[in-house]
Each structure stands twice: as structure tokens, then as C-alpha cells.
Amino acid sequence: MRHTLLSLIVLAAGLTLLAGCKEKKQTEDIIATKYIPKKPLPPIAMQAEKQSQKVEWLGKKYVVDIVRTPVDSLPKVSDDTGQKYIDNSIRLAVKRDDGSVFFEKTFVKGSFQSYVDESFRRNGQLASIRFDEAEGTELRFSVVIGLPDAIDDVFVPLLLTVNNQGGISIRQDDDMGMLDYDEEDEEKDE
């Protein structure tokens with residue numbers, strides 16, 4: 001009896017192994033998931049930002065205030081995927097030590113349109129204005145207009161100067177040092 005029981009167990013194990021090794025039937029059916037393109041998000045805005053910096057210029061003390069504000073009413077810009085971005089306005093104010101305003105102007109990307117090419121006029125975003133230095137009769141600021149999805153990599157650097165008479169001038173900035181660009185870091189990468 002014991003021998004019969006052992007034979008049945010071995011037979012059952014063998015049949016189970018044979019059933020498990022049976023080749024599955026191949027079908028001609030192709031199973032694919034349907035591609036659903038991503039919908040762009042609602043327009044993306046940069047964070048509002050305010051900078052305030054004390055500056056000594058021509059022997060007097062001033063405060064430079066720079067305020068970036070996303071402005072929904074400005075024309076939207078788009079990246080290569082069609083994602084929309086809200087452009088910014090930037091208010092630059094230079095105040096005397098007594099609080100009176102020496103210079104104040106609000107800039108938008110259009111303020112710099114003659115200094116950037118068509119692709120930046122159409123798809124660029126006014127990203128920042130930063131105080132650089134007070135030299136002689138000028139206060140110097142760096143301006144960045146860049147592609148919104150690649151502002152750190154694809155941008156046009158401009159130099160904005162305000163003179164002691166309150167006049168402004170703008171030009172392309174060939175001195176990347178004005179943007180805290182460190183050539184030594186780049187040389188290390190090479």
C-alpha cells in the first residue's frame with residue numbers, strides 16, 4: 001500500500017511538471033496602449049520677487065528696489081511643447097537716502113525688443129534685472145531675457161545703465177561676468 005501511495009505521488013508530480021512545461025499558444029493579436037498626448041498645464045508664472053539693496057553712488061546713499069511681477073495681461077509665450085508661460089514686468093526704482101525717488105520705471109520685454117532677435121521677441125520672457133555696480137556717473141544693471149523652459153541656458157544678456165541725470169541706455173552685454181558667469185567653472189568642465 002505504501003508503495004502504491006508513493007507511486008501515485010510521483011505520478012502526480014510528474015504530470016504537474018509536464019503540464020507546467022507545455023508551450024503556450026502564440027496569438028497574432030497585438031496589444032498596444034493608446035497614446036494620449038499630455039495636455040499642457042495652465043500658463044506657468046515665475047514667482048514674484050522683490051530685491052532691495054543699499055548702494056553708495058557719487059558720495060551719497062541710495063536704495064535700489066527691483067520688483068518682478070508676473071502679468072497675466074501681457075502676451076503669453078510658449079515653449080516647443082506648446083506650454084504657455086506668463087511674462088513679467090519689472091519695476092526698477094532708485095531712491096535717495098531721504099526716501100525720495102531719483103529714478104523709477106517699469107520694464108516689460110517690449111522695452112528691450114530692439115536688442116533681441118525675433119525668436120526672443122516671440123518666445124522669450126523678461127526673467128530678471130539685477131543690480132551690478134555703481135561706476136562713475138552710472139548705475140549698471142544686468143537684464144536677462146530668456147526662453148522660459150531654459151532660462152539658465154538660453155538667454156540674451158543685456159546691460160541697462162541709469163546715469164546721474166536719470167537717463168537710461170541699453171546694450172547687449174558681452175561681459176558675461178556681469179551675470180555671475182564664472183569662466184573658471186566652465187574651463188573645469190572642459
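User: How many aromatic pairs does a search of the whole structure find?

Analyst: Keep in mind that this model is predicted. The search turns up five aromatic pairs. Take W57 and F102: their ring centres are 5.7 Å apart and the planes meet at 70°, so this pair is edge-to-face, since planes over 60 degrees apart get that label. The two partners come from distant parts of the chain, with W57 in strand β1 and F102 in strand β6 (residues 101–107), 45 residues apart.

User: Are W57 and F102 buried or exposed?

Analyst: Both are buried. They also belong to one aromatic cluster together with Y62.

User: Which arrangement do the rings of F107 and F112 show?

Analyst: Under 30 degrees between planes counts as stacked. Here the planes of F107 and F112 are at 25° and the centres 5.5 Å apart, so the pair is stacked. F107 is buried at 0% relative accessible area, and F112 is buried with 0% relative accessibility.

User: What lies over the face of F107?

Analyst: That's K105, at 5.5 Å from the ring centre.

User: Where is L58?

Analyst: L58 sits in the loop between β1 (49–57) and β2 (60–70). L58 is partly exposed, with a relative accessible area of 47%.

How values were computed
Residues numbered from 1 in each chain as written. Predicted model: local features only at pLDDT ≥ 70, side-chain atom pairs only at ≥ 80, totals over all residues. Heavy atoms only, no water. Helix = DSSP H or I, 4+ residues; strand = E, 2+ residues; numbered from the N terminus. Buried < 20%, exposed > 50% of the residue type's maximum accessible area, 1.4 Å probe, protein only. Phe/Tyr/Trp six-rings, centres within 6.5 Å; stacked < 30°, edge-to-face > 60°. Lys NZ or Arg CZ within 6 Å of the ring centre and 35° of its normal.
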